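Try each task before you read its solution.

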Amino acid sequence: MLSRLTRHRALAFSALPVAALLAVVGLAPLPYAIAQPGSTADVLGKYKGREVITISGAPVRPTQGKLLMTTIVATGPSVANDFGDVADAWFRTDRAVLPRDAVYPPGKSDAEVEKHNLAEMKQSQDAAVVAALNHLELEPEDVDVTLRLADVGGPSAGFLFSLGIIDKLDGDGSGGDLTAGRTIAGTGTISADGTVGAVGGVALKTQAAGRDGASVFLVPKDECSQAQSELPKGMRLIPISTLGDAVSSLRALGQGQEAKVPSC
């Protein structure tokens with residue numbers, strides 16, 4: 001029967017299965033999470049009415065400026081993003097489409113993922129305290145540091161916690177603030193030995209930082225190119241490999257020694 005149909009009618013009929021397939025694909029959930037810039041929190045100040053960093057057992061100095069830890073927000077493992085959701089996010093600079101298994105442990109519920117992220121945050125906080133006190137050559141048993149940051153999970157705030165502890169205890173080492181009164185943002189994991197690690201999502205985090213007033217962003221060195229991809233106008237990127245790098249760069253920046261401050 002097909003041989004007796006006109007070419008236009010044959011094409012029309014042959015297109016029907018394709019149209020049906022596209023309709024199914026458009027409605028079917030896809031294995032992707034959609035991320036966007038999240039909140040920031042000043043580790044030198046308060047978050048939801050509580051001091052983020054409290055210290056006893058050593059003199060604490062008042063601070064000016066801000067150290068913003070940055071976050072991204074991603075759709076949870078139980079959220080079924082369809083083709084339309086993914087396509088919309090794909091072409092937006094303030095969204096990122098990520099394989100769900102790269103964001104969340106496979107097979108975990110929303111509650112299990114939250115528990116996992118909070119456990120990672122606790123480990124990150126412990127490492128941040130040790131790294132900061134080691135940098136200042138202070139004995140952990142003599143100084144008690146408490147870190148509080150509700151509703152934020154994962155390890156990516158560790159590096160900023162360490163900087164906050166250093167600024168509260170020692171500033172720039174010469175009586176001034178490590179921030180030099182600026183709003184500084186950043187991200188990165190931290191190891192007890194002071195190594196700063198990559199975290200992912202930095203292009204979204206720079207957008208969150210710019211939105212909330214940061215002029216400088218401290219980024220793990222291996223993620224410089226990602227951070228540059230959607231960098232807000234006027235924001236300076238400083239690559240970091242260790243906690244010592246960050247302290248040296250911020251001291252130099254505060255003293256106007258631009259030649260000593262690396263860039264991506």
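The model is predicted, so local features need pLDDT of at least 70, side-chain atom pairs count only at pLDDT 80 or more, and totals for chains, interfaces and linings use all residues. Residues are numbered from 1 along each chain as its sequence is written, and side-chain values use heavy atoms, without hydrogens and water.

**Exercise 1.** Describe how helix 4 and helix 8 pack.

*Solution.* 
1. Helix 4 spans residues 110-135 and helix 8 spans residues 243-254; helices are DSSP runs (H or I, at least four residues), numbered from the N terminus.
2. Their axes lie 10 Å apart at an angle of about 60°.
3. Helix 4 and helix 8 are therefore oblique to each other (oblique is what remains after under 35 degrees, roughly parallel; over 145, roughly antiparallel; and 65 to 115, roughly perpendicular).
4. Their crossing is right-handed, meaning that the near helix is turned clockwise from the far one by less than a right angle.
5. Ala131, Ala132 and His135 of helix 4 touch Leu243, Gly244 and Val247 of helix 8, where contact means heavy atoms within 4.5 Å.

**Exercise 2.** Which residues of helix 5 meet helix 8, and how do the two helices cross?

*Solution.* 
1. Helix 5 covers residues 158-169, and its axis comes within 11 Å of that of helix 8, crossing at roughly 55°.
2. This pair is therefore oblique too, and helix 5 passes helix 8 in a right-handed crossing.
3. From helix 5, Phe159, Ser162, Leu163 and Ile166 meet Leu243, Ala246, Val247 and Leu250 of helix 8.

Key
Axes fitted to C-alpha atoms, helices over the stretch in contact; angles between N-to-C directions.
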